[in-house]
Amino acid sequence: MNRKQILVTGASRGIGKACAIHFAKEGWHVFLNCSKSISELQATADFITKETSGSCEILPGDVGVPSEVGRIFDQIEMSGSGLDVLINNAGIAWMGLLTDMSIEEWNRMISTNLSSAFYCCRAALPGMVKARQGRIVNMSSVVGLRGNPGQTNYAASKAG
């Protein structure tokens, strides 16, 4: 049986977790990714294994770092077939005045919320083009359109 495969970044909770579980319930093989919340990611994997007809594999790593994206996609390639769907959902928030945010915090937010989508798309596209099929979903936020007090940085990254 040739199962459809999907990578969901930011799959440890919220929208990413819901997407991962949805596709697993449809019988897909789900690659689960997050950077920090590994125990929550493992709980999602346990749920998928016990409660759905799908399968999964945990691929932890910071998708805001190009070399880690390369490692994640190398592991996907070693699984034997490429991705059918990529969901770029990884995201972080920082609440506070923009003037209080450090350069390092700004760069981390842009890397996680914006650059990660570029890095993952760039890694997924060659296989999708070769297979002549594939879908990419880039998650954003209404905050990227309307803004929120104390979230100028998050709004800028999500608008991108």
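Cys-34 counts as buried because its relative accessibility is 5%, a value under the 20% cut-off. This description rests on a predicted model.

Cys-34 takes part in no disulfide, and the cysteine sulfur nearest to it belongs to Cys-56, at 13 Å. Cys-120 is likewise in no disulfide; here the nearest cysteine sulfur is that of Cys-121, 7.3 Å away. A disulfide requires two cysteine sulfur atoms within 2.5 Å, and the structure as a whole holds zero disulfides. Cys-120 is also buried, because its relative accessibility is 1%.

**Accessibility of the residues discussed**

| Residue | Relative accessibility | Class |
|---|---|---|
| Cys-34 | 5% | buried |
| Cys-120 | 1% | buried |
| Leu-41 | 0% | buried |
| Arg-132 | 77% | exposed |

**Leu-41**

Leu-41 is part of helix H2, which covers residues 38-51. With a relative accessibility of 0%, Leu-41 counts as buried. Leaving aside residues up to four places away in sequence, Leu-41 touches Ala-11, Ser-12, Leu-32, Asn-33, Cys-34 and Ile-58. Cys-34, one of these contacts, is itself buried. Val-30 stands eleven residues from Leu-41 in sequence, and the C-alpha atoms of the two are 12 Å apart.

**Arg-132**

Arg-132 is located in the loop that runs between helix H4 (103-131) and strand E5 (135-138). The phi angle of Arg-132 is near 60°, a positive value in a residue that is not glycine. Arg-132 counts as exposed because its relative accessibility is 77%, which is over the 50% cut-off.

How values were computed. Residues are numbered from 1 along each chain as its sequence is written. This is a predicted model: local features need pLDDT of at least 70, side-chain atom pairs count only at pLDDT 80 or more; totals for chains, interfaces and linings use all residues. Side-chain values use heavy atoms; hydrogens and water are left out. Buried means under 20% relative accessible area, exposed over 50%, partly exposed in between (1.4 Å probe, protein chains only). Helices (H or I, at least four residues) and strands (E, at least two) are DSSP runs, numbered from the N terminus. Contact means heavy atoms within 4.5 Å.
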